[in-house]
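Reader: I would like to learn how to read the side-chain features of a structure. Please take them one at a time, with the general idea before the case.

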Amino acid sequence: MKNYFISQGKRALRLLPGLLLIAALLFICLGAVFSAVSTDTQQENTTKFRIGLVGTVGDSYLELGIAAMQMMDSTRLSMELVTMEEPEAADALAKGDITAYVVVPENFVSSALSGTMLPMSFVSNTDAANFTTFIKEEITGMISDILLSSQKGSYGVANALKDAGFGHIAGKESGNASIEYVKFILNRGKVYNATSLGIASDLSLQDYLLCGLSVLVFLLCSLPFAPYVIKRDDSLSQLLWAKGCSPTRQTLCEWGVYFLCMLIPGEILLLVIQGDGALSIGAILSAFAAFFALTALSFFLFTLARDYMAGVLLHFFGTLTLCFISGCMYPVYFFPVALQKVSAYLPTGLARAQLSGCITGKTELLTTLLLLLYGIVFLTLTVLLSRKRLKGGHQ
C-alpha cells in the first residue's frame, strides 16, 4: 500500500502545474468579482437617492417645509429632494439622473391646511425594481404628512401666541418656537438605532460571496486532475488486486494523494478568507472538514465517468448546479423557503457555512459533523463503485 501511495504521488506531481495554473486563473477571477462587489457596495453606501419634486413647489409654505427637511431631517443623509418641472423630471428619470419623482397636486398646501389631503403621484421606472420603488409610500408619506405637520405646527405657534395676547413678541419668539417644533417633528433619526445583522451568518455581502465563491473555486481547481482519477482501463487495478492490493486500498491511496494536492489551493483560499495573514488552529480544523467533504465529492463525481470529457463535463455542471442552489454564487435567502431548507444540508451549502465561520469565529458542531459524514459517504460510494467495476472485470 505504501509503494502504491508513492507511485500515485508521482503521477499527481505531473498534474500539479495544471492545478496551480487553473487555481491562479480562478483566484484572479475571484479577486475581480470581490473587488467589483466591494466597489458597488461602497458606491451604494455613499450615493444618495435623488427624488424630483414636481408641481406647486413654489408655494412659500411648501418651500419652508422642503428647506427644513433638507437641513434637519435624518433622510437628508440618504435622499436628496430636487425641485423641477414635470417634463424635466421625466427626462431626468429616463436618463437615470433621478431615482423617481413626486408630483405635488395643485392647491395641495391650502387643501391640507383646511383639513383635506390631496394624493400625491409617485413616478418611477416600472422596469427597475429598485429600493426606492419599495419605499415609495414612505417617500410620499414623508413629503406629505411629516412636511405638512411641521408647517401646521410652525404657523400654529404664531397664531397661538397672538390668541394668548403675546402678539407683540410673535416675530422673533414665534420663529424660535417654530424652529424647535420643526426640529422635534423632523428629528426621527434619534429615536432608533439601526443594526445590520448582515446578509447571512453575520456576514456582509462581500464576505458572504467570498466564502460562497471559494467553495466554487475550490471544486473547479480539481478539473486538471480528471486524468488522474478517471480510469478508462482497469487492467492495472485488476493486476494490483491480484497481487494483494484491494480496491479499497487503491481507492484510499488515490484519494489521499488527491486530497493532499487539493490542500494547496484550499490553504490559499483559507488565507484569503481569513484575511489577517495568520491561520488559527480552529480555522484550519474547521476548514479541514469542508475540504474533506468537497474533495470526496469531487473524487466521486470523477469516478462516475469512464471518459475524460464526460468526467469534466459531469464535474463542471454538477459543481455549478450544487453551488448555485446552495447559495454560493447568489445569496440563498433570495430563494424560496423550501429551497433554502434543502440547500442548507447540501455538502456545498454546509461547506459555505463552515468557511463563513473562519470569518465570524462561529462554527457549529453539527455542520462539522455533517461535512465529515458527507466525506465518509462519498468515499464509501467511490470504493463500492470501484469494487463493483473491478469485480466485474476480475470475474
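## Reading the side chains

Author: A search of the whole structure, which is a predicted model, finds 1 salt bridge.

Reader: Which side chains meet in a salt bridge?

Author: The general idea is a distance test: a Lys or Arg side-chain nitrogen has to lie within 4 Å of a carboxyl oxygen of Asp or Glu. Here K231 and E254 pass it, at 2.7 Å from N to O. The pair links distant parts of the chain, 23 residues apart: K231 sits in the loop between α9 and α10 (235-242), and E254 in helix α11.

Reader: Are K231 and E254 buried or partly exposed?

Author: Buried means under 20% relative accessible area. K231 is at 22%, so it counts as partly exposed, while E254 is at 5% and therefore buried.

Reader: How should I read the nonpolar core, and which residues have the most contacts inside it?

Author: In soluble globular proteins, nonpolar side chains tend to be buried together. In this model the largest nonpolar core has 59 residues, and V215, W255, Y258 and L355 have the most contacts inside it. The elements giving two or more residues to this core are α1 (2-46), α8 (205-220), α9 (226-229), α11 (247-274), α12 (281-304), α15 (347-360) and α16 (365-394). The most comes from α12, with 14 residues. A second, separate core has 9 residues, including V54, A89, A92 and Y101.

Reader: What does W255 touch?

Author: Once residues up to four places away in sequence are set aside, W255 touches F292, T295, A296, F299 and L379. At 1% relative accessibility, T295 counts as buried. With neighbours within four places left out, T295 is in contact with F218, W255, Y258, F259 and M262. The side chain of T295 also reaches the backbone oxygen of F292, at 3.0 Å.

Reader: How many aromatic pairs does a search of the whole structure find, and how do I read their geometry?

Author: The search finds 13 aromatic pairs. Two values describe a pair: the distance between ring centres, and the angle between planes, where under 30 degrees counts as stacked and over 60 as edge-to-face, with the rest tilted. For F324 and F335 the centres are 5.4 Å apart and the planes at 50°, so this pair is tilted. F324 lies in helix α13 (residues 308-325) and F335 in the loop between α13 and α14 (337-343), so the pair ties together parts 11 residues apart in sequence. F335 also pairs with Y330: the centres are 6.3 Å apart and the planes at 25°, so that pair is stacked.

Reader: Last, a strand. Which residues lie on each side of β3?

Author: For a strand, check its two faces separately, then its partner. In β3 (residues 100-104), 5 of 5 residues are buried. A100, V102 and V104 are on one side, Y101 and V103 on the other, and both faces are covered. Strand β4 (residues 121-123) runs antiparallel to β3, and 3 bridges join them. In β4, S121 is the bridge partner of V103.

Definitions and conventions:
Residues are numbered from 1 along each chain as its sequence is written. This is a predicted model: local features need pLDDT of at least 70, side-chain atom pairs count only at pLDDT 80 or more; totals for chains, interfaces and linings use all residues. Side-chain values use heavy atoms; hydrogens and water are left out. A nonpolar core is a set of buried Ala, Val, Leu, Ile, Met, Phe, Trp, Tyr and Cys residues joined through side-chain atoms within 4.5 Å. Buried means under 20% relative accessible area, exposed over 50%, partly exposed in between (1.4 Å probe, protein chains only). Helices (H or I, at least four residues) and strands (E, at least two) are DSSP runs, numbered from the N terminus. Contact means heavy atoms within 4.5 Å. Rings of Phe, Tyr and Trp (its six-membered ring) pair if their centres lie within 6.5 Å; planes under 30 degrees apart count as stacked, over 60 as edge-to-face and the rest as tilted. Two strands pair if DSSP finds at least two bridges between them. A polar contact is a pair of N or O atoms within 3.5 Å; within protein, one must be able to donate a hydrogen and the other to accept it, and residues adjacent in sequence count only if both atoms are side-chain atoms.
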